[in-house]
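This report describes a protein chain in terms of its surface charge, fold, core, salt bridges and backbone. The sequence and structure are shown first.

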Amino acid sequence: MKHDSSLHQGHVLKRYDEGMRKLQKRVLKMGRLVREQMSSLQQVLKGSSEESTEQVVEGDRTVDLLEVKVDKFIIRLLARRSPVGGDLRFIITASRIVTDLERLGDETVQMARVLDREYGNLGECDGRSVENEVRELLILLTELFDQAMLAFRHHDYLAAKELAQGATGSEGEMARACGGFPSVPGSRKAMFPRRST
């Protein structure tokens with residue numbers, strides 16, 4: 001019996017494409033989970049802290065588990081398919097996004113804990129409470145996050161490049177909003193908690 005190599009190749013390519021779609025879905029799921037953490041952090045900033053802080057922490061455990069699963073999936077995809085060109089770039093991008101999502105989840109937990117513990121005692125920045133400044137920055141960060149995940153979902157490399165270069169309106173707003181933070185110890189403590197590494 002003769003084997004039709006084109007039929008076999010089509011089957012392999014179909015499975016490969018399916019693997020790439022699964023990777024994208026898993027990264028987007030992880031992005032949704034981190035986005036939920038950010039929404040819970042906004043609740044912490046509104047003062048409904050204890051329950052919301054716990055939601056941020058619980059969300060991070062799920063994000064951490066998913067990171068491990070996605071990393072293993074990426075390794076299997078690389079080992080089994082030996083991608084090149086655009087496919088390889090997509091997989092590497094997905095891998096970097098997964099790492100950044102996990103870090104963002106960790107930082108969100110740290111911010112929630114600091115805000116839960118120190119809410120109302122972080123001082124002022126230009127006559128406004130640090131909590132208000134952090135709230136505004138979180139809104140901008142969430143907008144940038146949504147734009148980045150949308151660019152990934154739609155394979156919009158131009159939008160991703162503009163985000164990376166700071167060519168979007170939100171990025172400029174973020175830079176202006178962060179301009180005064182280095183001189184305000186309380187806000188630095190809230191925004192960029194020290195890592196214990």
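## Positive surface patch

On the surface, Arg 15, Lys 72, Arg 76 and Arg 80 gather in a patch of positive charge. Patches are made of residues with over 30% relative accessible area and no salt bridge, with like charges joined within 9 Å and nonpolar side chains (Val, Leu, Ile, Met, Phe, Trp, Tyr) joined within 5 Å. Lys and Arg count as positive and Asp and Glu as negative, while His and the chain ends are not counted; the place of a charge is taken as NZ of Lys, CZ of Arg, CG of Asp or CD of Glu. Accessible areas come from the Shrake-Rupley method with a 1.4 Å probe, and for residues only the protein chains shown count as cover.

Helix H2 gives the most to the positive patch, contributing three residues. Lys 72 is found in this helix.

## Basis of the model

The model is predicted: local features need pLDDT of at least 70 and side-chain atom pairs count only at pLDDT 80 or more, whereas totals for chains, interfaces and linings use all residues. Residues are numbered from 1 along each chain as its sequence is written, and side-chain values use heavy atoms, with hydrogens and water left out.

## Secondary structure and burial

The protein chain has seven helices and two strands, and along the sequence these follow the pattern α-α-α-β-β-α-α-α-α. Helices (H or I, at least four residues) and strands (E, at least two) are DSSP runs, numbered from the N terminus.

Of the 197 residues in the protein chain, 38% count as buried. Buried means under 20% relative accessible area, exposed over 50%, and partly exposed in between (1.4 Å probe, protein chains only).

## Nonpolar core

The largest nonpolar core comprises 37 residues, and those with the most contacts inside it are Leu 23, Val 27, Leu 41, Val 70, Leu 101, Leu 115 and Phe 152. At least two residues of this core are supplied by each of helix H1 (5-45), helix H2 (49-81), helix H3 (85-118) and helix H4 (130-153). H1 provides the largest share, 12 residues. A nonpolar core is a set of buried Ala, Val, Leu, Ile, Met, Phe, Trp, Tyr and Cys residues joined through side-chain atoms within 4.5 Å. In soluble globular proteins, nonpolar side chains tend to be buried together.

## Salt bridges

The whole structure contains seven salt bridges, each defined as a side-chain nitrogen of Lys or Arg within 4 Å of a carboxyl oxygen of Asp or Glu. In one of them, Lys 22 pairs with Glu 18, the closest N and O atoms being 3.7 Å apart. Lys 22 and Glu 18 are separated by about one helical turn because they are four residues apart in helix H1. Lys 22 is partly exposed, with a relative accessible area of 37%, and Glu 18 is partly exposed at 37%.

Arg 61 forms a salt bridge with Glu 58, with a closest N to O distance of 2.0 Å. Since they are three residues apart in helix H2, about one helical turn separates Arg 61 and Glu 58. Arg 61 is partly exposed at 44% relative accessibility, and Glu 58 is partly exposed at 38%. A network of salt bridges links Glu 54, Glu 58 and Arg 61. Elsewhere, the side chains of Arg 128 and Glu 136 meet in a salt bridge at 2.4 Å, N to O; Arg 128 is partly exposed at 31% relative accessibility, and Glu 136 is partly exposed at 38%.

Ser 52 lies in helix H2 and counts as buried at 5% relative accessibility. Its C-alpha atom is separated by 8.6 Å from that of Gln 42, 10 residues apart along the chain.

Thr 62 also lies in helix H2 and is partly exposed, with a relative accessible area of 38%. Thr 62 and Gly 105 are 43 residues apart in sequence and 9.8 Å apart in space, C-alpha to C-alpha.

## Positive phi angles

Most residues other than glycine have a negative phi. Ser 82, a residue other than glycine, has a positive phi near 45 degrees. Ser 82 lies in the loop between H2 and H3 and is exposed, with a relative accessible area of 53%.

His 155 is not a glycine, yet its phi is positive at about 55 degrees. His 155 is found in the loop between H4 and helix H5 (157-165), and it counts as partly exposed at 36% relative accessibility.
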